[in-house]
Structure formats: C-alpha cells, structure tokens
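Let's walk through this structure together, one question at a time. Have the view open and follow along as we go.

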2 protein chains.
Amino acid sequence: MLNAEIIAIGSEMLTPFRLDTNSLWLTERLNAMGIDVKLKTIVGDDEARLEETIRDAMKRSEIVISTGGLGPTEDDITRKIFARALKRQLILEQSILDKLRARFARRNMPMPEINARQALVINGAQILENNNGTAPGMLITEGKCTVVLLPGPPREMKPIFDTLVMPVLKQRAGDMLIVRRCLNIFGLGESGVDELAAPIYLKYRNPSTTILFKDGQIELHLTAQSRSESEAGSLLDELAGQLDEVLGEYIFSRRNETLEEVVGELLKLRGYTLATAESCTGGLLAGRITDVPGSSEYFLEGVVSYSNEAKSDLLGVPKKLIKEHGAVSQQVAEAMAAGIRKRAGSTFGIGVTGIAGPGGGSEEKPVGLVYIALADDTQATARKLIFPGDRQFIRTLSVNAALDMLRRRIK
Amino acid sequence: MLNAEIIAIGSEMLTPFRLDTNSLWLTERLNAMGIDVKLKTIVGDDEARLEETIRDAMKRSEIVISTGGLGPTEDDITRKIFARALKRQLILEQSILDKLRARFARRNMPMPEINARQALVINGAQILENNNGTAPGMLITEGKCTVVLLPGPPREMKPIFDTLVMPVLKQRAGDMLIVRRCLNIFGLGESGVDELAAPIYLKYRNPSTTILFKDGQIELHLTAQSRSESEAGSLLDELAGQLDEVLGEYIFSRRNETLEEVVGELLKLRGYTLATAESCTGGLLAGRITDVPGSSEYFLEGVVSYSNEAKSDLLGVPKKLIKEHGAVSQQVAEAMAAGIRKRAGSTFGIGVTGIAGPGGGSEEKPVGLVYIALADDTQATARKLIFPGDRQFIRTLSVNAALDMLRRRIK
C-alpha cells in the first residue's frame, strides 16, 4: 500500500484559532484509493522548517501533498521552498501570467504586480489549472515520489484534486481499496460500547475498528482493505453483523446518518407528524429536526416556552401544575408534550424541560436534570435524565435523548 | 523568543474523522507566555516516522510537546519512541505502579497487566502526576530542549499542563508576552473588511493582524508582543482604535464575544425583552439566543411556525396575507414579528421566513431568499436578504443577520 504525507502551509494554522481541515477531505479521498496517510505537518512561513519537512516527507513517503502558501504575497513560500528542496529552478510560465492578467481584466482591475509571482512554476512540474482562483497547483515526479502542490482555499483545492490529481494517483495506487463504514450509537458510553464490542472487533485485523466519542454519541468506524469493493463489503458485513447482535438496539444508523435524519426518515415512512415544546433546549431540538431538508413534510411546529407564561398560554400547561411541581418536573414535561401535540394536531409531541445551568440548580433539582416527555394519542410519558457537563453539553445531550426516545417509540 | 513544536500522536487523527484540537489550547497557553508555535506534526503508530519527527523537533526548537500515545496498549508508542530518540532507558517506576493498582482497587477492579506499561518512565524524566487518568506525563531536559509528554484526553492533559508544565516553561520563557485581541465583525465580507482595514494594519508589524472568516462573520485577530502587559495593551489599543474608525459600525465585539452574547447584554442593560417567530431557521435563532446563560431574563418565548397553520394559529398571521403574498414574503415576516411580540408581550419581536433549500426555490423566490422582520411598539419592518451557500449556511447567516438587526436597533 502507498503511503502519503500531507503538509499544510500557513501561519494562521499555528494560532489558537484555526485548524487544518483540508487534510480530512484529502485523507478521505486518498483512503478511497487505498492510499494511507502516515503523517501530517502544519508549518507557517518558516523556510528552514518547511524545507526540512519536505525533504523528510519525500524520503519517507511515496506521495507528498501540500496545501496553501501559493498566494501572491511575501509569506507565501511554498513555491520557493519546494523548488529549493527539490533542487530545481523556478521558471516564469508566460501562459499562466497571461491567464492571470486576463482574469483581472475581466473584472476591470489591473493585476497587482505581486500576482506575477503566481506564474512561477517549478521546473518540470505539471501545471494544475485552477478555475476557481489565481494560484495554479503543481504535480512533480521526483524519483519514486509524487509531489503535489495545491492551493489552500477548499473551493480551489478540491476541484483541482478531483479532476487533475486523482487520475494520476489512482494509476500509481493500483487496485487496493480502503472502504470504511460507520455505525452510529446512542445510549451507551464509550466504555460501555467497548465492553460489548471489543471481544468481537479484536478478533479482526481487517477490518480494523476505531471508537470515537462525539457530541454525546459513539461512532464505531470499521475500515476494510481489499482489492475489490465487493470483498471489502463482505468483510464489513461480517463484522458489522456480529456487532449488531450485541449493540443492535443502540445502533441508530449503519450509514453515518444523524439522529435527526433517521427520525425524519421514520416519520416520513409512516406518515407521522411531529411538534415540539422546549424549555431548556431553547429551540435546538426544533433546529436539529429542521436541519434535514424536507423536514416540513413531518415537522409542523415548535414552541420555545422559556417563561412560565408561555408554558401555560401557548401549551395549556395548568398554572397550578407549575406551581405544585415546578417548571422542571415530570408533570410539566408531560403537559408540554401533550399540549403542543394537541395544539399542532400532530401524531407526536415532545416536551423538554430541565436545568442547563450554570445557574438555577438546587440540591433537589441539580444542574443537568432534564425531563423529556413524548406524547401520542393515548398518553404522555416523561423520562427523568441527569446529564453531566456544561450548559452546551447538557443541551446537546437533551436533544439527542429526545430524538432517540422518538426513534425507539416509532421503531 | 522561544520556539515550540507540538507533536500529536494517535492514528485516529490520520483518519478523515478527527482533528488534533489539543494543539489549539496548547498554542493559546504557549503564546500567552511569549512562546511561538512553529510547527505541528500529527503522527500515528509509525515508529520510524515518530522517531524522526522527535529528533527533528529537538534539533530545531527549544520546546517540544507531545500529546497522546501514553495509553496501556500496544499502539501507544510515545514512551518507547521518545526514549529511543533521546537514547535513554525506560525504567519501571514502582510509585506509579502502586498508584495505578490503588486506582483500580478503589473501583473494585483488578488492574489489567497491560496497564503496568504506564508505570514505565524515561530515565531522568520529571514525572507529571495525572489526577484524572492512568497515564502520567513526563518532562525531560535534554541539552537546550525541554521535552514534555502529555496524555491525549483534554481533561487529563489540561490540568497537568497548567499546574506542572506552565511554571517550568514560564521560567524559561522570561518576560516576553504575546497578547491577542479579537475584533468580531458582521455585515461585510472578507475582502470588504480587508479593503478598509489593510491600509491601516499593514503600517504595523507589531501588532500583527490576521483576518479570519468563520460562519458568516469576520474576525480580525491582532497580536502584540511586548515585555509588559500594559505596553502590549497600548499597542493593541492604538491599532484597534484606528480600525474602529473605519469599521466601527460593523464591529459587534472587541472582546471576542458572540453576537448572541452582545445582544443579550444590550437587552439586559436596557431591561428589554424578546420573542422570536421562525420559519426557515426552525428554532436555531431561539437556540442561539438561549445558548447564553441567564437568557431567561430577557428571552420570553419562541415559536417555530413551520406550517402555514402554525403561522396563523400561533402568530395571528392572516391566512389571506399568506395566500396573497406567500409564506416567504415581507408582509408575512412583518406579521410574524408583530404577532409573536403581541403574544409574548415583549419589547421586541423577530420574524424570520425564507427558503433554506435545497428544494422549494423558484425563479421569483430563489433558495437563499430570507425576510427578517423586527417589531417594536410602533412598527414592524422587514429586510429582504439573499444568502449564498447550502441549507446550513443559509440558516446560520439568517440567524446572524437577525441578531445583528436587533443589535443595531438597540444601539
């Protein structure tokens, strides 16, 4: 299998504010061709470090891909340093310069002279035309190493890679494929999943398995290597089938869907409709549900009843109930769910009330206490949950739990 | 100024699914001590590449920090490879082993024998005790280089760094500080901001300025270096003051606050209250507003009126208005804003209706068309906006625009 390294070039990715995300997309594309990513480097406008990085990468890996640093300014050092590391000359390519001038002329602007720098190419490089920006990419073959220089902006980088780089790499990579599958799990913690899953997945080296925790959900990533798509599929089917036996009820998707997509699909399939009444989640539940295109088919309305008045006026929750049990109570959650269902005339109603913090908690009702109720035509039933973490995490977990409660109800 | 490199160790960060985010936090801490991060490497369980990375980093940089790879399993290679690169021995530290056994005993579990590996330390290393996990960190001085090994989980890594590593690095770094300030801007694009700001910030090398685009907003990051906090502050004040003159009305925060925090602060200060009626944003506006702790002081209620029935039943939007002008129209947006304001009895009401796509667009009313209305006690006025991008981006931009409209109204 071929090994690749990715070098992201740009000082902004060495600040506390920005990450290199291009490499995720590139990794997915490379993996799909059976190319493994072995190392990633993020470097700024430090010439010596970049040169050393390039030299090391070319010694170790068959494919070296850089992103960024192809702009027109002084600190865009990619061209210069790759040329130095490759011991090749930079040559002014008249055809690129003409295109650059034409590009500016079309916008009725004179080309700033610094942009001429973008017409410099490394001797012997294949020029990768950039239809979405001024900086062309380059592809260079040096001994056994394929070196690819791409611009940093994703909307420039991606089309160049797909149209001009992919065919070259595919030919080099031959016919080994990496195929991945993701099982999405809710309702168990990371160690809970591992306890059930490890005895199974540890028996396999191919596919390999990784467990990831993300926003209160667990993802099991299965990765198979094979020469054929169908063989990789069979390998994945076998492992996924065994995992299904022990984790079945917790797995909400086998195709890396979100909970809201799965719930939406179920509602649509059965012709059911939904309305929501939220307190502590403040609209996030409705927001997640309506993230799905076409959700207007099954989502009728939502109410964010932050004040007690809103709970009684909009949802018909009796004032007495709030007074007796408090706004955060099983009774009020159930009345909210039943109230919004009645108002909207929907198949289901969901009510969420809780204490997301940081303030508002007490010994009896601590921060993290959330009641989630689901109402249908016969009854409204609430679950009491206590979530860990900060305000944002408690709100996210509440939305997940509400969606999963509905998913299990419809299933 | 001292230079640092960060090495993130873990195969999961070489997949398409996960990034190294520890380095952002570490960079912020290092910058605050006047230490510059010059390079970041992400490497998996590849021993040769990790060893080379460590050697290169130690040659080039005064501080080398690694995260991850200190777990108990076979692919946790950090200890072994650092020892090899440093040409030092690994020694079993009995005191750590005892603590590990005690930790498991407290949970009534026998310690799996593989965990004993976590008691191996590099000869001469200072042990960095980990109160939140099983893997201790290490700090090693090798010539002019300070090498720090930290566990990967943020809740283990951060406290170790703050309590045990920071004091050592602070002493090395001396008294040069890096102080950053962030100006948050809405209502102009990246090039629009740069056109106004570049003639100013390009006059300064200290502070330096970076422009970042994020979720439809622009951030101007100003970075000053100085020996004193107050001198750095003056440098930042001078540049920020000049930027304020040209960008003033577009700057919504000078302290890296979110739009919802700024709006919340303004509402609270004036004793105003707010209610929202959303169609295409589906609850995201209410969700963003209630992200702010204490938002119940000014946010009364929200309605997600996805169906036309909800618009008329809940908000009193005349059915005739919807029929005449369509649900996505200036008239309906204004009626939604006025309707929710009246229902909630709030100072302000916001109404949002639009076409987030991907379906539902027409020539006359394309995907991206959004009307945002703001109602107060005298009138309701809508703005017509056309946003680019996909469903998610259109929804995010709509929420930003609604919040900014309210901010400008209160200001």
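Q: Through which surface do the copies meet, and what percentage of the interface residues of chain A are also interface residues in chain B?
A: One thing to keep in mind from the start is that this is a predicted model. In it, 54 residues of chain A are in contact with 54 residues of chain B. The copies meet through the same surface, because the share of interface residues of chain A that are also interface residues in chain B is 100%.

Q: How many nonpolar, polar and charged residues does the side of chain A that touches chain B have?
A: Elements giving two or more residues to this side of chain A include helix H1 (22-32), strand S2 (36-43), helix H2 (47-60) and helix H13 (391-410) of chain A. Sorted by class, the residues on this side are 22 nonpolar, 19 polar and 13 charged.

Q: Which residue is the bridge partner of Ile42(A) in S2(B)?
A: Strand S2 of chain A and strand S2 (residues 36-43) of chain B pair with each other, in the antiparallel sense and over 5 bridges. Within this pairing, the partner of Ile42(A) is Lys40(B).

Q: Which are the edge strands of the open sheet formed by 10 strands?
A: The order of this open sheet is S17(A)-S16(A)-S15(A)-S13(A)-S14(A)-S14(B)-S13(B)-S15(B)-S16(B)-S17(B), with mixed pairing. Strands at the edge pair on one side only, and here they are strand S17 (380-386) of chain A and strand S17 (380-386) of chain B.

Q: What is the average twist from one strand to the next in that sheet of 10 strands?
A: The sheet is an open one with mixed pairing. From one strand to the next, its twist averages 10°.

Q: Which residue in S15(A) stands opposite Ala275(A)?
A: Strand S13 (residues 274-278) of chain A pairs in the parallel sense with strand S15 (residues 348-354) of chain A, over 5 bridges. In S15(A), the residue opposite Ala275(A) is Gly349(A).

Q: Within what arc do the buried residues of H10(B) fall, seen down its axis?
A: Helix H10 (residues 308-315) of chain B has these buried residues: Ala310(B), Lys311(B), Leu314(B) and Leu315(B). They line one face of the helix, because down the axis of H10(B) they fall within an arc of 105°.

Q: Which elements of chain A are included in what covers the buried residues of H10(B)?
A: Part of the cover comes from chain B, including strand S13 (274-278), strand S14 (299-305) and helix H11 (319-325) of chain B. From chain A, the cover includes S14 and helix H12 (330-344).

Q: Is Ala344(B) buried or exposed?
A: Ala344(B) lies in helix H12 of chain B. Leaving aside neighbours within four places in sequence, Ala344(B) is in contact with Ala310(A), Ala275(B), Leu300(B) and Glu301(B). Ala344(B) has 26 C-beta neighbours inside 10 Å, and so it counts as buried.

Q: Which residue in the turn between S10(B) and S11(B) has a positive phi?
A: Strand S10 (residues 208-214) of chain B pairs with strand S11 (residues 217-226) of chain B in the antiparallel sense, over 7 bridges. One of the pairs joins Thr210(B) to its bridge partner His221(B). These strands form a hairpin with 2 residues between them, and the turn residue with a positive phi, about 50°, is Asp215(B).

Q: What angle does the direction of helix H6 of chain A make with that of S10(A)?
A: In chain A, 4 strands form an open antiparallel sheet in the order S10-S11-S9-S12. Neighbouring strands of this sheet are turned against each other by 35° on average, direction ignored. Helix H6 (residues 190-201) of chain A packs on the sheet, touching S9, S10 and strand S11 (217-226) of chain A, and its direction makes with that of S10(A) an angle of about 175°.

How values were computed
Residues numbered from 1 in each chain as written. Chains lettered and ligands numbered in written order. Predicted model: local features only at pLDDT ≥ 70, side-chain atom pairs only at ≥ 80, totals over all residues. Contact = placed C-beta atoms within 7 Å. Nonpolar A, V, L, I, M, F, W, Y, C, P; charged D, E, K, R; others polar. Pairing = 2+ DSSP bridges. Buried ≥ 20, exposed ≤ 12 C-beta atoms within 10 Å, placed from the backbone. Arc of directions from axis to C-beta. Axes fitted to C-alpha atoms, helices over the stretch in contact; angles between N-to-C directions.
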